[in-house]
Amino acid sequence: MPEAPARPAHLNLDVRHTFGSVDFSVTVDGKPALDTTLAGSGKRFKMFGKRAERSYTRTLDLSPGVRVVGVRVRSDADKFDQTRVERFDLGSASVAALQITADDSGLSVVAERPPAPPRRRAPAPAAPPAAVAAPVLAPPPAALPATPPAQQEANAVVDLLHSIRSMLIAVAGFVASTATGFLVQEFLRTRKALIFAQAAGASAGLVDRGERRRRRRSPKAPSE
């Protein structure tokens, strides 16, 4: 079913000023949309010296979408020149408004924005059909080359030599351990004999000295 064509959006302008006359212009997305001169009141209002406020209304038709609206109010006689920029997101047949006030205190712009229009999602592109991958056949395992008899004999000899070497290392370690233990025992035995000999010699010396003292103290027998 074909979609209904989009209808233009509406921007209502409500301009109020207190100057003798102003140049009023509007741009949409940087392009001129309105340029006019607004007449004002040439008389001052009562004792405060202010002019009476004049108003101007206008409706602009804009294309739906995001629009940047610029408003400029200029009065050469009053040395006034100010600009304001507002952004609108307009849907089909939506209505927005700008309330513009210009006086000696400056330019005031109040924007009334319609609800943001719903965004349509673009349909996702159809995925291309997946290509059927051909089954990959694994290559047959390569046969291991047979070991020649000469290589087998050489390997056997090498294994035998390694075994003999391990046995010799074990025997050498045992012999070294036994010899070390024997030397330690002989050293201890000799040390003990030397200590006993020294103790015996000291005891004999003490006995000899005691005997000599005893002989010296005993009286000599009378000679006949």
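Strands here are DSSP runs of E with at least two residues, numbered from the N terminus. This is a predicted model, in which local features need pLDDT of at least 70, side-chain atom pairs count only at pLDDT 80 or more, and totals for chains, interfaces and linings use all residues. Residues are numbered from 1 along each chain as its sequence is written, and side-chain values use heavy atoms, leaving out hydrogens and water. Let's look at backbone angles and aromatic rings.

**Positive phi**
- Most residues other than glycine have a negative phi.
- Asp 29, in the loop between β2 (21-28) and β3 (31-39), has a positive phi of about 55 degrees.
- Lys 79 sits in the loop between β7 (65-75) and β8 (80-90), and its phi is near 50 degrees.
- Asp 29 is partly exposed at a relative accessible area of 39%, and Lys 79 is exposed at 81% (buried is under 20%, exposed over 50%, partly exposed in between, with a 1.4 Å probe and protein chains only).

**Aromatic pairs**
- The whole structure holds two aromatic pairs (Phe, Tyr or Trp rings, the six-membered one for Trp, with centres within 6.5 Å; planes under 30 degrees apart are stacked, over 60 edge-to-face, the rest tilted).
- Phe 19 and Phe 80 make a tilted pair, 4.9 Å centre to centre with 40 degrees between the planes.
- Phe 19 lies in the loop between β1 (9-17) and β2, while Phe 80 is in strand β8, 61 residues apart.
- Both Phe 19 and Phe 80 are buried.
- Phe 24 and Tyr 56 pair edge-to-face, because their planes stand at 65 degrees, with centres 6.3 Å apart.
- This pair joins strand β2 to strand β6 (residues 54-62).

Notes: Helices (H or I, at least four residues) and strands (E, at least two) are DSSP runs, numbered from the N terminus.
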